[in-house]
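Here is a short report on one protein model. Keep the sequence and the 3D view open as you read.

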Amino acid sequence: MSVLIYSEEPGLRLELLGKGRELADAMDSKLAALQIGNGNPEELIKYGADLVYVAEHPLLEEWSLEPYRSVLLRAVEEASPSVILIGATKRGKELAASLAASLGVGLLTECISLKLEDEKLIAERLTYGGSAIARVASLKKPHIATVPPRVFKRPEPAERTGEVLKLEVEPEKPKAEVVERRGKVREEVGLEEAEVIVAAGRGFKKQEDLKLLEELAEILGAKIGCTRPIAADYGWMKEWIGISGHKVRPKLYIAVGISGTVHHAAGIRDCGIIVAINSDENANIFNLADYGIVGDLYEVLPALTKALKERLKK
Ligand SMILES: Cc1cc2nc3c(=O)[nH]c(=O)nc-3n(C[C@H](O)[C@H](O)[C@H](O)COP(=O)(O)OP(=O)(O)OC[C@H]3O[C@@H](n4cnc5c(N)ncnc54)[C@H](O)[C@@H]3O)c2cc1C
C-alpha cells in the first residue's frame, strides 16, 4: 500500500508530493514518486517522497504515450499504490486516462481537493465551465486522480531520508512516430504570469480600435488579452482567455466590452481585482467584477487613460 505520484512538470511534481504526503500519512503508508529521465531524486525526497523510482531508457527521451504508460505500469507493479496522483498537464491527462483504462479502474480528473473516506478517494472538481463544483468518488483501487498546477501548496523542503530505486524497464514501443516539430508562434506571451491584464471583447467594433486598449496597457504595464471570438473568429489576436484558452491570475484584470459568459469566466476566476467596462448594465461581467463602469468603451477608455497619465505626472 502506498501513494504514487508522477508529473513531468517539476513544479507540479512538488505540489503532488505535498498532497501525496498528506494522503500517505492518512493511510500510514509510503509515498513513492516516479521520475522518468533526468532529474534530482534527492530533491523529491526532501519534498516528502519516501522512495523514488527512476526510469531511464532511450525510448523515454521523447514523450510518447505507450512507452510512458508501460513505465508507469511497471512502477504500479513495484509500488502497489492505493492512490496514484498525476499532474493534469496535456501529457499527464492522456497518460492518466490510458493508465486507468489499462488497470480497469476509474479516473478523477482535474481535482481541486482530494481526501480519503473509508476506502474511497473523494475529489472535488469544477464543472459547467467552473460555475459549479462536483463532488466525485473513486470506488476501486488504485484510485487515480489528475491534479492541475497551483491547486495544492508546494511543501517546504526538509532534511529527510529516502530510497532511490532504479526501475528496470523495457518500455513498449510507441505506436506513432514524430515526423516534424514546429515551434508554436505565441503572440501574447506570459499571460499566465502577467500581474496586470487588460482584455478586449466584442464591444470593440474594429481591429484598429484596439489601439485604445494598447494605450491603457502601456500606462499600466499590462499584457493584452481577449475573448475567444476576438481571436478565433476575428483573428485580431492569436490567443484568448477562458475555458478553452489561457487561465490567468493577474492582480488586476480589466475587461473591456466583454459580456462575461461562463466560458470566459472560467479563465479569470483566480484574478485579484476585476474591473469591467461595459455599456450594458445587465452584462454578466458585472456579477464577476469588483468594480464596474457602465459606459461606452469609446468614451471610457480615452478618459481613463488620460486620467491615469495625469496622475502619473504628479
Ligand atoms: C466550447 C466553447 C468554448 C469557449 N471557450 C471560450 C473561451 O475560452 N473564452 C472566451 O472568451 N469565450 C469562449 N467561448 C465563447 C463564449 O461562449 C462567448 O461567445 C464569448 O466569451 C463572448 O465574447 P465577448 O464577451 O467578447 O462577446 P459578447 O458576448 O458579444 O459581448 C460583448 C459585450 O460588449 C458590450 N459592448 C458592446 N459595445 C460596447 C461599447 N461600445 N462599450 C462597452 N461595451 C460594449 C456588450 O454589452 C456585450 O456585453 C467558448 C464557446 C464555446 C461554445
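## Cores and helices

Start with Ala 49. Setting aside neighbours up to four places away in sequence, Ala 49 is in contact with Leu 17, Leu 31, Ala 32, Ala 33, Leu 44 and Gly 162. The model is predicted.

Ala 49 is among the residues with the most contacts inside the largest nonpolar core. A second core is separate and has 35 residues, including Ile 230, Ala 276, Ile 285 and Leu 297.

| Helix | Number of residues | End-to-end C-alpha distance | Expected span |
|---|---|---|---|
| α3 | 15 residues | 21 Å | 21 Å |

Helix α3 covers residues 65–79. Its buried residues are Pro 67, Tyr 68, Arg 69, Val 71, Leu 72, Ala 75, Val 76 and Ala 79. What covers them? The cover includes strands β1 (2–6), β2 (30–36), β3 (51–55) and β4 (83–87), along with helix α4 (90–103). Just past the end of α3, Ser 80 has a positive phi of about 40°.

Helix α4 has its own buried set: Gly 92, Leu 95, Ala 96, Leu 99 and Ala 100. Viewed down the axis of α4, these buried residues lie within an arc of 130°, so they line one face of the helix. An α-helix has 3.6 residues a turn, so residues three or four places apart point the same way. On the other side of α4, Lys 90 and Ala 101 are exposed. The buried residues of α4 are covered by elements including α3, β4 and β8 (143–147). Just after α4, Gly 104 takes a positive phi, about 70°.

Next, look at one strand residue. Val 256 belongs to strand β12 (residues 252–256). Is Val 256 buried or exposed? It has 25 other C-beta atoms within 10 Å, and the cut-off for buried is 20 or more, so Val 256 is buried.

Which residues does Val 256 touch, beyond those up to four places away in sequence? They are Val 198, Ala 199, Ala 200, Gly 201, Gly 203, Leu 213, Ile 277, Leu 297 and Leu 301. Take Ile 277 from that list. Val 256 and Ile 277 are 21 residues apart in sequence, yet their C-alpha atoms are 4.9 Å apart in space. Leu 297, also touched by Val 256, is one of the residues of the second core.

Methods. Residues numbered from 1 in each chain as written. Predicted model: local features only at pLDDT ≥ 70, side-chain atom pairs only at ≥ 80, totals over all residues. Helix = DSSP H or I, 4+ residues; strand = E, 2+ residues; numbered from the N terminus. Buried ≥ 20, exposed ≤ 12 C-beta atoms within 10 Å, placed from the backbone. Contact = placed C-beta atoms within 7 Å. Expected span 1.5 Å × (residues − 1). Arc of directions from axis to C-beta. Core = buried A, V, L, I, M, F, W, Y, C linked by C-beta atoms within 7 Å.
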